[in-house]
Amino acid sequence: MSRISRHKLAGAAASIALMLLFGAPGRAQETGESLFKAKCAMCHGPDGAGKTTMGQALKIPDLRSEDVQKLSDAELSQIVTKGKNKMPAYEAKLSKEQTAQLVGFIRELAKKH
């Protein structure tokens, strides 16, 4: 393999690695969705319904429900950052921007329901 080909290959690999690490440019919803899958879906389920073993044991609400959706963005952000009942606080784990992206994704869940 020529030196130029190796450089091109290394450059392409580095670009792909950066895209995987930081995410490809896209909508906040996509970022909110990936954050939800990583941080929330284990209890809330992939669709937010809470129909997981943990979700049912803790009797967590369906995030798509009217009761949850009627909460303001500030209230949902507060729950994410400070926690509620058995849900842990994510203040030290998520930035304000990430929290806002999660709230946006929670709003999108109701539209899919």
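**Ring pairs and salt bridges, term by term**

Asp47, Asp62 and Arg64 are linked in a network of salt bridges. This is a predicted model, in which local features need pLDDT of at least 70, side-chain atom pairs count only at pLDDT 80 or more, and totals for chains, interfaces and linings use all residues. Residues are numbered from 1 along each chain as its sequence is written, and side-chain values use heavy atoms, with hydrogens and water left out.

User: What makes the contact of Asp67 with Lys70 a salt bridge?

Analyst: Happy to go through it! The closest N and O atoms of Asp67 and Lys70 are 3.7 Å apart, and a salt bridge asks for a side-chain nitrogen of Lys or Arg within 4 Å of a carboxyl oxygen of Asp or Glu. The structure holds 7 salt bridges.

User: Why is Asp67 called exposed, and why Lys70?

Analyst: Exposed means over 50% relative accessible area, buried means under 20%, and partly exposed is in between (1.4 Å probe, protein chains only). Asp67 has 53%, so the residue is exposed. Lys70 has 61%, so the residue counts as exposed.

User: Why does the salt bridge of Arg107 with Asp73 tie together separate parts of the sequence?

Analyst: Their closest N and O atoms are 2.7 Å apart. Arg107 lies in helix H7 and Asp73 in helix H6 (residues 73–82), so the pair joins parts that are 34 residues apart in sequence. Helices here are DSSP runs (H or I, at least four residues), numbered from the N terminus. Arg107 counts as buried, at 17%, whereas Asp73 is partly exposed, at 45%.

User: Where do Glu108 and Lys111 lie, and what makes Glu108 partly exposed?

Analyst: Both lie in helix H7, 3 residues apart, about one turn of the helix. Glu108 has 22% relative accessibility, so the residue counts as partly exposed. Lys111, at 63%, counts as exposed.

User: Why is the pair of Phe36 and Phe105 called tilted?

Analyst: The structure holds 1 aromatic pair. The ring centres of Phe36 and Phe105 are 5.2 Å apart and the planes are at 50°, so the pair is tilted. Rings of Phe, Tyr and Trp (its six-membered ring) pair if their centres lie within 6.5 Å; planes under 30 degrees apart count as stacked, over 60 as edge-to-face and the rest as tilted. Phe36 is in helix H2 (residues 28–39) and Phe105 in helix H7 (residues 96–112), 69 residues apart. Both Phe36 and Phe105 are buried.

Methods
Helix = DSSP H or I, 4+ residues; strand = E, 2+ residues; numbered from the N terminus.
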